[in-house]
Structure formats: C-alpha cells, structure tokens
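Hi,

Here is the structure I promised to pass on.

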Amino acid sequence: MKKVKAGIIGSGNIGTDLMMKIERSPFLDMSAMIGIDPDSDGLRLAKEHGHTTFDNGIDGFLEEPGSADILFDATSAKAHYHHAEALEKAQKQLVDLTPAAIGPFVVPTVNLEEHLNRTNINMITCGGQATIPIVNAIHSVCPVDYAEIVATIASKSAGPGTRANIDEFTHTTAKGIEKVGGAKKGKAIIILNPAEPPIIMRDTVQCIAPRASERKEELIEAIQQRAKQVEDYVPGYKLRTEPIFDGDQITVFIEVKGAADYLPSYAGNLDIMTASAVKVAEEFAKHQLSVSENL
C-alpha cells in the first residue's frame with residue numbers, strides 16, 4: 001500500500017508520541033522529525049528509528065522539502081504563524097496542534113471531510129476533541145440551545161503551555177462547541193486535579209436540547225454511535241454510563257485513557273490530541289493518494 005510521507009515539527013513529548021503513532025499507520029510514512037534542540041529525546045529516538053532529523057527547525061526542513069508532504073505542528077502558537085506561512089509556500093498540508101487556529105477547527109468524526117483540501121487545519125483542544133463529537137451527535141437529533149463541558153485532567157499531564165493558556169483553552173473550546181458542535185451557546189471549564197496517583201481524563205457534557213425527553217432513544221443511539229466512531233481512532237475513549245436525561249437536559253460522562261505510546265496512560269488529554277491529529281493526517285493522505293491516482 002502506498003503511503004504519504006509525514007513529518008513532525010516539535011521534538012517534545014507531543015511530537016515524540018505522534019511519531020510512535022505514525023509509525024503504526026497504514027497510510028502515513030513517518031519520515032522526518034524537526035526540532036531545535038539537538039539533545040532532545042524526540043530527535044534522539046527519531047534518529048534511532050531511522051527517520052530524517054533536523055535540529056535547526058523549519059529552515060532546515062525547507063532545504064529538503066521532499067522529506068515530508070504532511071506535517072504536524074506540535075510547537076507553539078507563536079512559532080506556528082511562521083511555520084504556516086513557510087509551509088503554505090512549499091505546498092504542504094499542515095495539522096496544527098497549537099492554539100494558533102489559523103486554519104478551520106476540525107474534529108475527525110464531525111467535519112473532516114469538508115476540509116480535506118485545506119492546507120492548514122486546527123485541532124482545537126483536548127477537551128474539544130473529547131466532547132464536541134457528543135455535542136454534535138445530540139445536535140444531529142435535536143437543536144442544542146446550550147452546551148457546557150467540564151474537562152478534568154491530571155495536574156501532571158498539564159505542562160507549562162497548558163497552564164499559561166487556561167483562558168485560551170476555555171475560549172477556544174467554547175467556540176468549537178458552537179462552530180463545530182452546533183450548539184447555539186457553548187461554555188468550557190477545565191480542572192487540573194493534583195490527585196495521586198494521577199487520574200485519567202474525564203469529561204462531562206451537559207446539553208439543553210428542547211424536547212430531548214421525547215427523543216430519548218434516538219439521542220442515546222446517536223451518542224453511543226458517535227462514541228464508537230471516536231473510539232476507532234482513540235482506543236481509550238469510552239462513555240462511563242448511559243446518557244442521563246432530566247427534562248430537556250442531557251448529561252454525558254466520558255473517560256479517555258491514553259495509549260501509553262510515549263506519554264503515560266493517565267495523559268488521555270494529550271493522547272486524544274495526537275490520536276485525532278493522526279486520524280486527520282491519514283484522511284489527508286488517503287485523499288492525496290486518491291487524487292493522484294485519478295490524474
């Protein structure tokens with residue numbers, strides 16, 4: 001089977017976890033790791049695994065642009081602006097895991113198909129990837145007037161970037177709930193739980209949907225079907241209970257356990273981002289291969 005070359009910008013924890021997931025992909029050929037710290041664990045492992053490495057950032061990659069056709073940006077919002085401009089000129093597709101959000105918000109089970117030709121898409125947030133599919137599943141059955149999500153993650157799985165951007169997380173996730181999920185009004189809350197041993201990611205989704213109680217069976221089926229679709233590419237994703245109904249209010253409890261490729265299993269918040277990003281890139285790759293075969 002033909003594969004499309006994939007590269008990663010950022011040799012930290014996220015980039016290294018991405019590398020291990022891409023290596024298992026039937027559609028992506030893990031080919032390049034791009035970093036700025038030659039002593040980073042990510043670049044060291046990439047070299048050990050036989051991949052091309054660049055320790056002088058995106059400029060180094062642009063000297064050998066044929067080493068990857070689809071790239072993941074696992075750096076920072078500030079760096080992404082530069083990367084996005086450079087890679088658009090190089091005609092590369094870019095999956096953005098930073099908060100920059102230059103491209104459209106994408107959740108694989110909701111709106112990926114309409115963005116397969118885009119050069120840059122944004123993965124929103126971990127809370128968005130976990131909860132927006134559920135909000136959208138409810139929206140597919142009846143209008144959602146209000147959706148509120150609470151993402152609870154282990155304090156140990158929240159790095160300095162997450163902690164510095166808590167307000168951005170809540171704003172971006174709420175925006176995604178509305179734009180992608182379909183809710184008329186969205187709200188997001190994140191809780192960093194310092195419990196020991198660290199807890200795995202848990203999310204609560206509460207939606208107000210007029211006449212929801214009259215369409216209970218349809219809603220349960222839609223929610224369960226969507227959860228299974230997410231589980232296909234995030235194996236640790238599951239509903240903790242059946243949806244709970246109280247008049248027009250629907251409450252859904254979600255759990256996300258990480259695959260422990262490079263990150264610990266309790267870091268489901270990071271795992272769902274990398275797994276979802278790989279799913280997007282795989283669909284990009286399949287689309288690219290389909291287009292090239294038809295030329």
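Before the helix packing, a word on geometry: axes are lines fitted to C-alpha atoms, for helices over the stretch in contact, and angles run from 0 to 180 degrees between N-to-C directions. Helices (H or I, at least four residues) and strands (E, at least two) are DSSP runs, numbered from the N terminus. Keep in mind that this is a predicted model, where local features need pLDDT of at least 70, side-chain atom pairs count only at pLDDT 80 or more, and totals for chains, interfaces and linings use all residues. Residues are numbered from 1 along each chain as its sequence is written, and side-chain values use heavy atoms, with hydrogens and water left out.

Now the packing. Helix α6 (residues 126-139) meets helix α10 (residues 268-294) at an angle of about 75 degrees, and their axes are 8 Å apart. That makes the two helices roughly perpendicular (65 to 115 degrees; under 35 is roughly parallel, over 145 roughly antiparallel, and the rest oblique). On the α6 side the contact (heavy atoms within 4.5 Å) uses C126, Q129 and A130, and on the α10 side N269, I272, M273 and S276.

C126 deserves a look of its own. UniProt, in an unreviewed entry, puts the feature "active site" there; such annotations may be inferred rather than shown by experiment. C126 is buried, at 9% relative accessible area (buried is under 20%, exposed over 50%, partly exposed in between, with a 1.4 Å probe and protein chains only). Leaving aside residues up to four places away in sequence, C126 touches F169, M201, N269, I272 and M273.

F169 brings us to helix α8 (residues 166-179), where F169, T172, T173, A174, G176 and I177 are buried. Their cover includes α6, β7 (146-154) and β8 (186-193).

Back in α10, T274 is buried with a relative accessible area of 0%. Its contacts, again not counting residues up to four places away in sequence, are I14, D17, L18, K21 and L97.

Q206 and E231 are 25 residues apart in sequence, and their C-alpha atoms are 20 Å apart in space.

Cheers
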